[in-house]
Amino acid sequence: MHADVVVVGGGVIGNAAAFYCARAGMSVILVEQQDILNGTSSACDTAIHLQSKSPGVHLAMALNSIKKYPVLQKEFDIDIHFKITGTMLAIQREEQLEVMKSFAARQQAAGLNVSLLDTVQTIAKQPAMKGAELVGSTYCDQDATIHPQNLTKAYYFGAMKYGAKYLLHTVIRSFRIEDNCLTGVDTDQGMISCRWVVNAGGVFAPFIGKMMGLDIPIVPRRGQILVTEPVPKLTNTIVNCAKYIAAKFRPDLLGNSVEDQLGIGLSLTQTERGNLLLGGTREFVGYNTKTTRQAMVLIARHGTAIIPALKQINIIRSFAGLRPYTPDSLPIISTVPELKGLVVAAGHEGDGLALSAVTGEMVSEIIAGQPVSSGIDLSQLSLARFSREDIDRFYRKYAVA
Ligand SMILES: Cc1cc2nc3c(=O)[nH]c(=O)nc-3n(C[C@H](O)[C@H](O)[C@H](O)COP(=O)(O)OP(=O)(O)OC[C@H]3O[C@@H](n4cnc5c(N)ncnc54)[C@H](O)[C@@H]3O)c2cc1C
């Protein structure tokens with residue numbers, strides 16, 4: 001077998017990379033150890049979030065990516081349910097207000113349409129929050145929701161339409177490396193010779209890296225979510241809270257309470273069928289995808305404090321997924337000077353859906369030897385941005401044996 005590009009990993013990132021590479025005319029084989037949607041991309045929320053991105057390269061990638069979904073929706077054969085809903089970020093305490101004001105001001109400066117609302121304005125926009133513990137909110141009308149599984153499937157069918165082949169339930173035995181250059185992937189279905197390999201293994205990217213002699217600093221960060229019975233439209237936007245932003249970007253600033261240690265922060269979205277997805281946690285518990293009673297209770301308590309209308313709604317199930325977390329919360333989208341023919345596209349933490357389109361496009365442009373059309377500064381996403389010291393400190397703090 002031969003392909004220009006072998007993509008390893010059938011999540012949203014691997015499929016987006018396969019789609020953009022195949023659409024650019026490259027021959028592509030995607031190798032997945034199970035089936036597509038085996039990992040985090042089927043255990044997540046539905047947000048194409050801008051307000052949760054830190055100003056700089058993170059927000060720039062999200063702003064670029066979000067523009068692509070309405071266009072892709074027209075091109076795909078599957079409905080990805082892309083809908084602009086806006087996001088409200090609830091601010092519960094005075095001490096959070098200044099931090100959120102400054103976060104919003106930096107986002108505004110970066111081109112995001114965010115405004116600060118007082119309590120009255122917040123409840124007028126979001127009646128389900130009547131009676132909440134609130135001092136205000138930030139609101140952005142540009143955020144959107146999407147169907148996560150359909151998004152991955154749409155890339156998958158789209159890639160195949162452009163000729164990509166899929167080897168599912170396939171085990172990679174080793175990578176062929178000649179003169180510091182990746183030239184093939186040895187699988188239990190046979191050897192695939194290739195010019196490029198894309199490591200899109202999500203939280204498993206470090207194991208794929210290890211097979212090539214590379215240290216890729218990604219650790220799993222568990223997120224637990226409650227799912228409710230279907231109900232009529234509850235909120236007018238996605239709802240998050242200031243604590244969500246703190247848990248996402250500055251886990252070191254969280255306190256010692258159980259809530260803080262679990263990284264509890266509100267995320268609320270509603271599916272087309274009416275089920276609410278109520279999250280969530282940010283926990284370092286290794287590759288454990290179980291949900292816990294303690295987190296379920298605390299997520300429900302935190303959610304109902306911000307959206308009292310939730311108290312009347314029944315929970316029907318729960319699930320947990322593993323966010324691929326890097327030392328600076330930014331993905332790694334990178335070639336590696338010491339190993340030619342490799343692109344790492346992993347470590348998207350809680351942003352893989354939102355950033356999948358720009359990531360897929362960047363991977364295809366890197367492989368084609370073109371400048372990236374999004375204008376994103378690739379040095380900020382490079383594997384080389386982490387020193388040995390950064391990586392060791394990161395593992396000491398967050399890796400679980
Ligand atoms: C609770 C939760 C909520 C989230 N909500 C959102 C949200 O609202 N918006 C958003 O943008 N993002 C969200 N995310 C983040 C998003 O889900 C992830 O960033 C994204 O799914 C990562 O995709 P991926 O393709 O990198 O990884 P995955 O989906 O995990 O795919 C990796 C694939 O690689 C395969 N693989 C691994 N090793 C090998 C191997 N050796 N050989 C072959 N195949 C291999 C795995 O089987 C897997 O299928 C959320 C995540 C969680 C956990």
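Me: Which residue in E7 is the bridge partner of Leu 89?

Reply: Please keep in mind that this is a predicted model. In general, the strands of a sheet pair through backbone hydrogen bonds, in either a parallel or an antiparallel sense. In the present case, Leu 89 has Thr 138 as its bridge partner in E7. Strand E5 (residues 87-91) pairs with E7 in the antiparallel sense, over 5 bridges.

Me: How many bridges join strand E6 to E7?

Reply: Strand E6 (residues 114-117) is joined to E7 by 4 bridges, and the two run antiparallel. One may look at Ser 115, whose bridge partner in E7 is Tyr 139.

Me: Which way do the residues of E7 point?

Reply: In a regular strand, the side chains alternate between the two faces of the sheet. Here, Gly 136, Thr 138 and Cys 140 point one way from E7, while Ser 137 and Tyr 139 point the other way.

Me: Is strand E7 mostly covered or uncovered?

Reply: Strand E7 (residues 136-140) is mostly covered, as 5 of its 5 residues are buried.

Me: What is the order of the strands in the open sheet?

Reply: The open sheet has 8 strands in the order E6-E7-E5-E14-E15-E16-E13-E17, and its pairing is mixed. Its edge strands are E6 and strand E17 (315-325), each of which pairs on one side only. From one strand to the next, the twist averages 20°. As an example of parallel pairing, 4 bridges join E5 to strand E14 (residues 238-241); within this pair, Ala 90 has Cys 241 as its bridge partner in E14.

Me: Which strands does helix H3 touch where it packs on the sheet?

Reply: Helix H3 (residues 94-109) touches E5, E6 and E7, and its direction makes about 155° with that of E6. Helix H7 (residues 242-249) also packs on the sheet, touching E5, E14 and strand E15 (267-270). The direction of H7 makes about 65° with that of E14.

Me: Why are H2 and H10 described as roughly perpendicular to each other?

Reply: Angles of 65 to 115 degrees count as roughly perpendicular. The axes of helix H2 (residues 57-75) and helix H10 (residues 352-368) cross at roughly 85° and come within 8 Å, so H2 and H10 are roughly perpendicular to each other. The contact of H2 with H10 has 8 nonpolar, 2 polar and 1 charged residues. Among the residues that meet there are Met 61 and Leu 72 in H2, and Leu 355 and Val 358 in H10.

Definitions and conventions
Residues are numbered from 1 along each chain as its sequence is written. This is a predicted model: local features need pLDDT of at least 70, side-chain atom pairs count only at pLDDT 80 or more; totals for chains, interfaces and linings use all residues. Axes are lines fitted to C-alpha atoms, for helices over the stretch in contact, and angles run from 0 to 180 degrees between N-to-C directions. Angles under 35 degrees count as roughly parallel, over 145 as roughly antiparallel, 65 to 115 as roughly perpendicular and the rest as oblique. Two residues are in contact if their C-beta atoms, placed from the backbone, lie within 7 Å. Ala, Val, Leu, Ile, Met, Phe, Trp, Tyr, Cys and Pro count as nonpolar, Asp, Glu, Lys and Arg as charged, and the others, Gly among them, as polar. A residue is buried if 20 or more other C-beta atoms lie within 10 Å of its own, exposed if 12 or fewer, and partly exposed in between; C-beta atoms are placed from the backbone. Two strands pair if DSSP finds at least two bridges between them.
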